[in-house]
Amino acid sequence: MDDLKFRRHAYGDPNSQDEEFLEQIAASESDAKLVNDLKSLDSKLTSALNIDVPDDLADKLILRQQLTQHQQQKKHTRYLMAMAASVALVIGLSFSMLRFTPVDLTEHALAHVYHEPKAMNVDQNVGFEDVNFKLAGIGGLEKAKFIQQPGKVYYTSYCDFQGVKSLHLVMAGEHGKVTLFIIPAENRMVTEESFADQNYQGLGFQTAETFMLLVGEQNADLQFVKNEIEQTFI
């Protein structure tokens with residue numbers, strides 16, 4: 001075995017039992033020393049790499065992974081909370097601005113009539129006590145009430161006038177049905193005594209605590225219903 005081949009063999013596997021390799025070691029003192037040095041280095045490397053694994057290593061690795069995940073989750077939660085706070089702030093500001101925006105009650109009344117045509121086709125036969133119960137659930141109208149039945153009431157439900165909880169009624173007029181809206185009075189609200197579009201006419205009036213808006217078809221006698229309300233509502 002030539003010297004180059006021997007050295008390659010020695011560095012690759014100093015513990016080799018190849019017959020030609022062993023003969024070269026026996027024949028050369030320097031080659032034998034090289035192989036012994038390589039064996040010693042190989043033994044040291046094996047010892048250095050042969051480290052005992054702690055019994056709790058798996059638990060420690062799992063704990064570290066959980067801590068990492070927890071920290072990441074906390075960062076994500078803080079981000080979501082910051083986003084939610086920003087959204088809440090925008091909504092709060094928008095709602096505050098909405099509360100101070102002037103409300104044209106006549107436009108809203110007509111829009112509600114067009115938006116809820118089903119209300120004109122319902123007959124719930126509502127008693128004035130039920131109307132009073134709903135009025136008591138509206139801020140600013142807790143003391144407002146009917147002292148007797150203001151004619152027949154076909155339908156009642158809550159509605160919204162740009163952030164203001166109000167009451168929507170459908171009542172019997174002298175010639176057909178008439179819609180009545182009862183809205184808590186606020187300074188930002190504006191209305192007209194009479195209003196109309198191509199399909200409906202309206203009549204607005206105010207009590208101490210409420211705005212009342214009547215809406216009916218062009219031939220409806222709104223004054224008739226107004227008189228009934230003024231005689232029964234306090």
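1. Setting aside residues up to four places away in sequence, T232 touches K145, F146, I147, Q148, Q149 and P150. T232 lies in helix α7. Its relative accessibility is 4%, so T232 counts as buried. Please keep in mind throughout that this is a predicted model.

2. Now for the chain as a whole. There are seven helices and eight strands. Of the 234 residues in the chain, 34% are buried. The accessible surface comes to about 15,000 Å², and carbon and sulfur atoms account for 54% of that. If you take the contacts between residues at least 6 apart in sequence, 52% of them join residues at least 24 apart.

3. The largest nonpolar core deserves a look in your viewer. This core has 24 residues, and the members that touch the most others are I182, L214 and I229. Several elements each supply at least two residues of the core: the helices α6 (128-135) and α7 (222-232), along with the strands β3 (164-173), β4 (176-184), β7 (200-206) and β8 (210-217).

4. Which residues does I229 touch, not counting those up to four places away in sequence? The partners of I229 are F146, M171, L180, F205, M212 and L214.

5. H112 is found in helix α5, which covers residues 105-115. Is H112 buried or exposed? With a relative accessible area of 13%, H112 is under the 20% cut-off, so H112 is buried. Leaving aside neighbours within four places in sequence, H112 is in contact with C159, D160, F161 and F181.

6. Helix α1 (residues 3-12) packs against helix α2 (residues 19-27) at an angle of about 105 degrees, and their axes are 11 Å apart. Because that angle falls in the 65 to 115 degree range, α1 is roughly perpendicular to α2. On the α1 side, the contact involves K5, F6, H9 and A10, which meet E20, F21, Q24 and I25 of α2. By type, the residues of this contact divide into four nonpolar, two polar and two charged.

How values were computed:
Residues numbered from 1 in each chain as written. Predicted model: local features only at pLDDT ≥ 70, side-chain atom pairs only at ≥ 80, totals over all residues. Heavy atoms only, no water. Core = buried A, V, L, I, M, F, W, Y, C linked by side-chain atoms within 4.5 Å. Buried < 20%, exposed > 50% of the residue type's maximum accessible area, 1.4 Å probe, protein only. Helix = DSSP H or I, 4+ residues; strand = E, 2+ residues; numbered from the N terminus. Contact = heavy atoms within 4.5 Å. Axes fitted to C-alpha atoms, helices over the stretch in contact; angles between N-to-C directions. Parallel < 35°, antiparallel > 145°, perpendicular 65-115°, else oblique. Nonpolar A, V, L, I, M, F, W, Y, C, P; charged D, E, K, R; others polar. Areas by Shrake-Rupley, 256 points an atom, 1.4 Å probe, with all protein chains shown as cover.
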